[in-house]
Amino acid sequence: MNKYQEMKERQQKEVNEFPMAFAFNKEQFDEGMRELGLDPSETDKVCRIPAGGFCRIDDVDRLRDMLKRHRLEMQSAIENDSTGEGFIYDMFYAELCNHEFSVTYDSSDAINALGLTQEKVLSDSRLHHGINRAIEAILNKEIA
């Protein structure tokens with residue numbers, strides 16, 4: 001199986017299980033507060049997080065630590081792929097597919113989704129090799 005997808009699915013499961021809620025109106029906010037074990041009036045006990053989210057103030061450090069651990073795990077997996085044939089290839093293959101490269105022939109959305117730049121990919125031989133190999137596999141309709 002694709003090592004990148006395995007990592008992302010495991011990390012997403014952990015995020016999904018974390019006690020936080022998202023709200024875009026008062027009804028959703030009230031429901032989210034109750035899901036966190038709070039009365040909707042206890043707004044002093046929650047903290048905003050990006051994308052319309054909120055969590056208990058007591059959980060902010062745990063959330064920050066989890067997201068940092070996820071980021072470091074990704075960086076480590078990339079650093080440990082000395083050729084671009086392993087994790088890096090899986091990473092680019094998955095994101096190129098997610099961003100419909102086979103339709104658009106544009107890799108920029110996939111690169112951006114990974115927090116990379118074109119310059120970084122071109123300047124790192126492992127990243128450059130990995131993306132080229134993934135593009136070739138997609139164009140040849142190979143399954144990773």
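User: How many bridges join S1 to strand S3?

Analyst: This is a predicted model. Strand S3 covers residues 53–56, and S1 runs antiparallel to it. The number of bridges joining S1 to S3 is three.

User: In what order do the three strands form the open sheet?

Analyst: Strands of a sheet pair through backbone hydrogen bonds, either parallel or antiparallel. Here the pairing is antiparallel. S1 (20–22) and S2 (46–49) each have a single partner strand, so both stand at the edges, with one side left without a neighbour in the sheet. Neighbouring strands are turned by 30 degrees against each other on average, direction ignored. The order is S1-S3-S2.

User: Which helix packs on the sheet, touching S1, S2 and S3?

Analyst: The helix spans residues 26–35. Its direction makes about 25 degrees with that of S3. The name is helix H2.

User: Which element gives the most residues to the lining of the largest pocket?

Analyst: The largest pocket has a volume of about 680 Å³. Lys8, Gln11, His70, Arg71 and Met74 are the closest to its centre, out of 29 lining residues. Two or more residues come from each of helix H1 (3–17), S1, helix H3 (60–79), helix H4 (87–98) and helix H8 (125–139). With eight residues, the top contributor is H3.

Methods. Residues numbered from 1 in each chain as written. Predicted model: local features only at pLDDT ≥ 70, side-chain atom pairs only at ≥ 80, totals over all residues. Heavy atoms only, no water. Pairing = 2+ DSSP bridges. Helix = DSSP H or I, 4+ residues; strand = E, 2+ residues; numbered from the N terminus. Axes fitted to C-alpha atoms, helices over the stretch in contact; angles between N-to-C directions. Contact = heavy atoms within 4.5 Å. 1 Å grid on protein atoms, 1.4 Å probe; cavity = no way out; pocket = protein on both sides within 12 Å on 5 of 7 lines; lining within 4 Å. Points joined across faces, edges and corners; volume = space filled by probe spheres on them.
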